[in-house]
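Trainee: I would like to learn how to read a helix and a sheet, going slowly through one example. Could we look at the structure together?

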Amino acid sequence: MRFLNSMTLLKSFLLTCVVTTSIVVAQENEPLKPLKPVLFSAMGCGPYTPEAEVALAKFMALENEDPTSSFIVHCGDIVTGKVKDWPESQYEKVAGLLMKENAIPTFIVPGDNEWNDQENPDKAWGFWDKHFMGFHEKWKLPESFGKVARQTVRPENFAFVLDGVLLLGINKVGGMVHDTEEWEMRLNQDVAWISEHFTKHKADVHSAVIFAQAAAFSKKFGDFQAQLAKIAVPFEKPILYLHADGHKWTVELGKWAENITRVQLDVVNAKFPLIQVQVTGNPAEPFIYDRRLENPKWKLREAITPPQ
């Protein structure tokens, strides 16, 4: 009888082990639950004309009609580079266009047209600093954004994490190099900012997006592209480098580093609305772009005429 009881207990123990092991293996092999995609709208290079200002106002209203983007970002060049002495009123006007009846948190990075390509870059930077520094702070951010960090030595650079996506804004402009020492220092500060957050958030995020006015490469000065590639590889996650400057839609995969996708934006005017980007969390297709060019909602049928 004792022998039978012992055998029964042994069988029960072995069955428990098998069941427990099966559960653990099943949990390890269980596919990850679908991630919540992060959607945001982006623009750059504009508004350059009074007609484009009217178009931007209409696009901002459309963004707010039935909002699906968590935030909006302007990747710099808020004015045309054809004018070299923009008054402060133009900076104030563009800030107003981005804020008017806009409930969606909006971020911005500097561009060369409104800064270093102006006749007086220091004065121009003063205008930008006054009207755009910490621009997102004009909105009450949802708790899901967490804290938006700003770099102490370069407060126009920002970083935050939203639903598993690291989002970074940097001061990387094209245009004239007035001071090579300042230029090199600024690029090094940009790299340090990105590297800091790649390291800090690597375990917390599945993707990253970097916003800038100019591409990482430069024929004029610096090795920012090489430095970016160097820190991107160990980060291992998909990275979108989204910038303005070239006025032509471009998507380039893996040229700077295997995990970096470069996207260059159109200008923003009646023909080209803000794009919407979806960060999916799917390594096979981490970023999806909707230029909205064929969407009737975003086609401005009525004449775009500035107020008299």
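**Reading a helix and a sheet**

Mentor: Keep in mind as we go that this is a predicted model.

Trainee: What should the 12 residues of helix H4 (residues 121-132) span, and how far apart are its end C-alpha atoms?

Mentor: At 1.5 Å a residue, helix H4 should span 16 Å, and its end C-alpha atoms are 15 Å apart, which agrees.

Trainee: Which residues of H4 are buried, and which are exposed on the other side?

Mentor: The general idea is that an α-helix has 3.6 residues a turn, so residues three or four places apart point the same way. In H4 the buried residues are Pro121, Ala124, Trp125, Phe127, Trp128, His131 and Phe132. They cover an arc of only 155 degrees around the axis, which puts them on the same side of H4. Asp122 and Lys130, on the other side of H4, are exposed.

Trainee: What covers the buried residues of H4?

Mentor: The cover includes helix H3 (88-99) and strand E3 (106-108).

Trainee: How do I read the sheet, and what is the order of its strands?

Mentor: In general, strands of a sheet pair through backbone hydrogen bonds, either parallel or antiparallel. Here an open sheet of 5 strands has mixed pairing and the order E3-E2-E1-E11-E12. E3 and strand E12 (287-290) stand at the edges with a single partner strand each, so one side of each is left without a neighbour in the sheet. From one strand to the next, the twist averages 25 degrees.

Trainee: How many bridges join strand E1 to strand E2?

Mentor: Strand E1 (residues 38-43) and strand E2 (residues 71-74) run parallel and are joined by 4 bridges; the bridge partner of Met43 in E2 is His74.

Terms used:
Residues are numbered from 1 along each chain as its sequence is written. This is a predicted model: local features need pLDDT of at least 70, side-chain atom pairs count only at pLDDT 80 or more; totals for chains, interfaces and linings use all residues. Side-chain values use heavy atoms; hydrogens and water are left out. Helices (H or I, at least four residues) and strands (E, at least two) are DSSP runs, numbered from the N terminus. The expected span of a helix is 1.5 Å times one less than its number of residues. Buried means under 20% relative accessible area, exposed over 50%, partly exposed in between (1.4 Å probe, protein chains only). The arc is that of the directions from the helix axis to the C-beta atoms. Contact means heavy atoms within 4.5 Å. Two strands pair if DSSP finds at least two bridges between them. Axes are lines fitted to C-alpha atoms, for helices over the stretch in contact, and angles run from 0 to 180 degrees between N-to-C directions.
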